[in-house]
Amino acid sequence: MNDWRLYRRLLHQMRPVRARFVALFGLELLATPLALLLPLPLKLVVDNVIGSDPLPALLQPWVPAAWTRPPSHMLIFAVGLVLAIALVSQLRSLCAALLRTWTAERMVLDFRAQLFQHVQRLSPLHHDRRGASDAAYRIERDAASIQYLAIDGVIPFVTALITLASMFYVIVQLDRALALVAVAVAPALFVLTRIYRTRLRSRSREVKKLESDALGVVYEVMSSLRVVKAFGQEHRELARFVDTARLGMRQRLRLAFAENGLALLVGMTTAAGTAAILFVGARHVVSGALTLGELLLVMSYLAQLYSPMRTISRKVASLQGHLASVERAFALLDEHPDVPERADALPLGRARGAVRFESVSFGYDASEPVLRDVSLDIAPGTRVGIMGRTGSGKSTLLHLLTRFFDPLSGRILLDDVDLRDYRVADLRNQFAIVAQDPVLFSTSIAENVRYARPDASDADIVRAAQAADADRFVRALPEGYATPVRERGMRLSGGERQRITLARAFLKDAPILILDEPTSSVDVGTEAGILKTLERLMRGRTTFIVAHRLGTLRHCDLLLTLGDDGRVQVREQTASDTRHADRSSDGEDGALSLAGRENDDPRS
């Protein structure tokens, strides 16, 4: 992404705060005339108080003749001018600082919210490939660079150019030869910044990538801390983090060396210009072409002339890191969702629950299909059991149904309408999901249940908890439904967490229920109670249930067996099958014989 495209997108992001940006720009521009006035009192003291030169023509209309004589009156005027300039400058700085902070924070907040909203639209497969830490780094760290580009980059850059032109004009009026000598350093500064720009940008990109990688190690270890401790691998993970962070440190050192190398060259170039001005100016004073006060004024303006030159050169260098960050943030924003919503998508209130698969094939890699030519016709209210080896595509089938992914070929219909024709939010509102690993958020129990329906009342939450047999243990907690469950629900047992997710499913009251091995993480005694709750939850709903125990599937109307070749066998379950499942569930483990050997495919 080239710089011009980045700046165009940056300007688009600034549209909500453009009025404040213009006001801030005006305040920054006010610094230029104030800077021009700053050396003026010194000139008045040297030439009009100590010396006897006439008052500059610029001030004569504004200063009464009585103030020019005796010299003590002019001295008081010069001192008062210093205080007035200082007061206006400080008020301008205060207003600019407050407006700058407000504008910058609003821009960053809006940009982060936009990125976060977009990240949630991307499919789970995208985050599996990239990792959650990469998106988190771009939202939290890279997005913040937008304020530096817009507020601390563009505004100082433009105001520096205006200040540069103003100072150059004033010096030209005083001594044209000195002005030409002063700007002779500009071509050298331009060449230096052009040479360093590409190098600084590439090194900044590498720094951002390595910092994101280090954060990824932290995310991974903290989310798997029990496993790390169980195997005693703390030192190994520390070494992995340090190795990754050390690479980032080395790259940051290289970047700092390049930035400071450019600063050194810029400083020496402007120092050479200052020395040349001092040499030429002194000769002009000796020859009578300049007064001593005018030379002091020129030297003062020269410092302010070179200050914006140094600002421009250093901004070009420092902006490369922020441009690299914003480039990464925009790249995330440019990621296309794997399940886009059509512009004319249909609304969906409450579905009947009729589901049909028509020659559906899917694979995470197009050359290796996980599902092949799957065709099913499921009437509303049907209970569908799904069996198969680990890695055969059971969960993939459910992900297609909830449209986490779209089929590579064929189509899936809900109530005789292709899933891709519905609004995504409306479609997913038709499903209540209970997974094998209960997912809770670090808030209260009531808010975790209410997650299914944010407008639910407290009475609705209690009724849902009662239906899930969770009310009794919740009320026994110190704070009842207001009890915080801590991160990932670690304050509760596995069975209690699953009860909360069941209460969430009861509260949602969706027409289609997905149960992805809902009892695999609990003991047999807890499983029996959960199965009774599930029986109530499944009534009147089209249900898809994945399980390895026959007892869990004993009341299903259809059994789907997924083979290793990606094809699905469909069998209606009879009363004798149900009795056999009941007997099997009373055995040692009740596991399906067809579960077979396990493999490590995480996509199952």
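These legends walk through several close-up views of one predicted protein model.

Local features here need pLDDT of at least 70, side-chain atom pairs count only at pLDDT 80 or more, and totals for chains, interfaces and linings use all residues. Residues are numbered from 1 along each chain as its sequence is written, and side-chain values use heavy atoms, with hydrogens and water left out.

**View 1**
Start with the overview: the protein has 21 helices and ten strands. Helices (H or I, at least four residues) and strands (E, at least two) are DSSP runs, numbered from the N terminus. Of the 604 residues, 45% count as buried. Buried means under 20% relative accessible area, exposed means over 50%, and partly exposed lies in between (1.4 Å probe, protein chains only). Contact means heavy atoms within 4.5 Å. Among contacts between residues at least 6 apart in sequence, 78% join residues at least 24 apart.

The pLDDT is the predictor's confidence in each residue, from 0 to 100. The protein averages a pLDDT of 80, and 88% of the residues score at least 70. Which elements mark the lowest and the highest confidence? Helix 21 (residues 575–585) is lowest, at a mean of 49, while strand 5 (residues 417–418) is highest, at 94. Over residues 583–604 the pLDDT is below 50, and this stretch has 36 contacts in the model beyond near neighbours in sequence.

Helix 2 (residues 18–29) has twelve residues and reaches 16 Å from its first C-alpha to its last. That is close to the expected 16 Å; the expected span is 1.5 Å times one less than the number of residues. Look for F21, L24 and E28, which are buried. Why do they belong to one side of helix 2? They cover an arc of only 65° around the axis, so they sit on the same side of the helix. The arc is that of the directions from the helix axis to the C-beta atoms. An α-helix has 3.6 residues a turn, so residues three or four places apart point the same way. On the other side of helix 2, A19 and V22 are exposed.

S133 is found in helix 7 (residues 132–142). Is S133 buried or exposed? S133 is buried, with a relative accessible area of 11%. Leaving aside residues up to four places away in sequence, S133 touches S212, L215, G216 and Y219.

**View 1. Strand 1 and its two partners.**
Strand 1 (residues 355–362) pairs with strand 2 (residues 371–378) in the antiparallel sense over five bridges. Two strands pair if DSSP finds at least two bridges between them. Along this pairing, F357 stands opposite L376 in strand 2. Strand 1 also pairs with strand 4 in the antiparallel sense, over five bridges. There, the bridge partner of S361 is S409 in strand 4.

**View 2. Loop residues with a positive phi.**
R403 lies in the loop between helix 14 (394–401) and strand 4 (409–414). R403 has a positive phi of about 60° although it is not a glycine. At 2% relative accessibility, R403 counts as buried. D416, in the loop between strand 4 and strand 5, has a positive phi of about 70° and is not a glycine either.

E341 lies in the loop between helix 13 (292–333) and strand 1. At 45% relative accessibility, E341 counts as partly exposed. How many residues separate E341 and R420 in sequence? They are 79 residues apart, yet their C-alpha atoms are 7.3 Å apart in space. E341 touches R423, V424 and A425, not counting residues up to four places away in sequence.

**View 3. Helix 17 and its cover.**
In helix 17 (residues 458–467), the buried residues are D460, I461, V462, A464 and A465. Their cover includes helix 16 (445–450), helix 18 (471–475) and helix 19 (494–508). Just after helix 17, D469 takes a positive phi of about 60°.
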